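Hi,

Here is the structure I said I'd pass along.

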Amino acid sequence: MSNIAQEPQPQREHHPHSDVKAKAVVNDDARLANPLRGIPFETLMNDVEVFSRERGLTHFLSELKKGALVAQDANAYKMHDMFTTEDRNFLEDEINHRWRQTGTLYYLVVLSSLAAAVQGMDEAVINGAQLFYPEQFGLDTSTSRGNWLFGLVNAAPYLCCATVSCWLTHPLNQWLGRKKTIFVTCLISFLTCIWSAVTNSWWHLFISRFFLGFGIGPKSATVPVYAAECAPAAIRGALVMMWQTWTAFGIGFGDVIDLVFYFIPDSGGIKGLNWRLMLASAGIPGLIVCLQVLFAPESPRWLIGKGRYEDAFKELCRLRFSRIQAARDLYYIHVLLEAENEMKKGRNRVVEMFTIPRNRNAAIASWIVMFGQQFCGLNVIAYYSSNIFAQSGFSNPAALAATVGFGVLNWLFALPAIFTIDTFGRRNLLLFTFPCMAACLLITGFSFWSTSQEGRVAGVAIGIYLFAISYSPGEGPVPFTYSAEAFPLYIRDIGMSFATATTWFWNFVLSITWPSLSSAFKPQGAFGWYAAWCMILWFLILLFVRETKGKTLEELDQVFSVPARVHAAYGLRQIPYGIKKFILFQNPKPEELYQAESEGEEGINAGGDAESKVACQNAAVQP
């Protein structure tokens, strides 16, 4: 057994081994390397001692040493006698019972879920209000001008998100931190929802909804990152995707609110009381989050990035069951942030996001999934389903009731993805669901050709409901989860701003163009347009979107360092594999692009069996 007693070491700046840091940036053979693996025991313990002295953490040095060993090798607690029985129990429970987490972590999940519900309700209540406000404000939707103004008012928050508010995410997070950014944005959402409810002209409603975008944009970029930085790797995807799951809940709940308030008559001289209550109600969850976030932990990774190691350790102790787990995560985050610093070239970080291959690959993949979330056609239905159902033959109350059905299905079928996203993976879910969504959109559009009203109503409803069932476990939860974990910490705020600006810009395009698109090409052509995009996106995902399930945020550096051409070639080779497996029902051997480095491979990487090393490289990157 190893001992931890060491002679005092001279004070020195703490930088992990340079070859280890190089591994975190360059990954030519697509291996997933633990940056601490291969460091001798004595060296590792000396590094931890220097780290603790530099950061003023010597009062829990013993926990840091144990934590560094477990960060280096998850089974280290079985091989060193410094670990107590209690330490071993905590570390084994972490593996065997991954859903057994602290109350603080689940409190954070509830907070993130409510913040997402704010988002969903903001998006949904306009669906009911649009049945009333155009007539009250003199917007004639039978004319081209009226259609464009109608779309502009509906799309106003997303115009703000794409052009202004999402790009405020980075400065807000730098100045305020994750918690305070969530507080400020939820407060803005609450105030602007009330403002929207008291407007008396279409341009006044446009302005109030534009300012609502300042609450939507930075919040949508911050909350998924906040959850990702606090969650353990084993359940990170499931917890982060709570954002989309509860956004879907907010959409469904907003649809219910629309139906409830539909029948409220004008009172007290207030014209349009029903749609005003619809818009105002979306602000209530935001006020609740403002109160709740005061008691939530700050992101440990954000604190470490600010050099506040003591505070980060305290927050990790709230989020993990034992001090050993907290010390492990603290040291591992620190070491990997040192590796990320090697990626900085002294240029503007926006430039670095596109000039460094690892960052560029993450940006391309995030752009594809965020663009896809809009151009799969989902938000056409989320924002205009009441009009679509009414156009197919439903009465207004029946159209709102049918919209509630869409919202409920959208939420219910997102729930299984909490478990499947870390089992089947992000990429596989997308590849499976996009062709299904294309088929459902074609069913919806083609149903408008039916000469029977009953057949048309049934076809449209079935197509939209099946679309919700297909969308919810795949393109619903994946984009925000994927984008929150794809970028390295030093550009994560900027990367998430880029990703959310992408989705909100195309959301704006979708929202403002649908009335005119549907009028010019009829529902058949409009739904066919988005069905075609679903198939285009399937190919883009196959070629350029990498799998991220089951990897720590830091290990993703290696995943995104694989050259784009290598991954695209791998994607093309998956087509014959899929045909053999799913059409011919054969059992072909799957190709593994990423190979986790094991202890047994240390000799190879140190210059051992060259022939074996070449074989491993060829298996990983052969075009």
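Let me start with Phe467, which touches Cys376, Gly377, Leu378, Ile381, Met437, Cys440 and Leu441, leaving aside residues up to four places away in sequence. Bear in mind that this is a predicted model.

Phe467 also turns up in the largest nonpolar core, a set of 102 residues. Along with Tyr133, Ile388, Phe434 and Trp514, Phe467 is among those with the most contacts inside that core. Helix α25 (residues 492–544) supplies the largest share of this core, with 20 residues. Apart from it lies another core, this one of 37 residues, including Val48, Ala71, Tyr332 and Leu337.

Helix α25 is also worth a look for how it meets α8 (residues 169–197): their axes come within 8 Å and cross at roughly 135 degrees. That angle is why α8 counts as oblique to α25. The crossing of the two is right-handed. On the α8 side, the contact is made by Thr169, His170, Asn173, Gln174 and Arg178, and on the α25 side by Asp493, Ile494 and Ser497. Sorted by class, the contact of α8 with α25 has five polar residues, two charged and one nonpolar.

Is Ser112 buried or exposed? Its relative accessibility is 3%, so Ser112 counts as buried, the cut-off for that being under 20%. Leaving out residues up to four places away in sequence, Ser112 touches Val223, Tyr226, Ala227 and Trp243.

Cheers

Methods. Residues numbered from 1 in each chain as written. Predicted model: local features only at pLDDT ≥ 70, side-chain atom pairs only at ≥ 80, totals over all residues. Heavy atoms only, no water. Core = buried A, V, L, I, M, F, W, Y, C linked by side-chain atoms within 4.5 Å. Buried < 20%, exposed > 50% of the residue type's maximum accessible area, 1.4 Å probe, protein only. Helix = DSSP H or I, 4+ residues; strand = E, 2+ residues; numbered from the N terminus. Contact = heavy atoms within 4.5 Å. Axes fitted to C-alpha atoms, helices over the stretch in contact; angles between N-to-C directions. Parallel < 35°, antiparallel > 145°, perpendicular 65-115°, else oblique. Left-handed = near helix turned anticlockwise from the far one by under 90°. Nonpolar A, V, L, I, M, F, W, Y, C, P; charged D, E, K, R; others polar.
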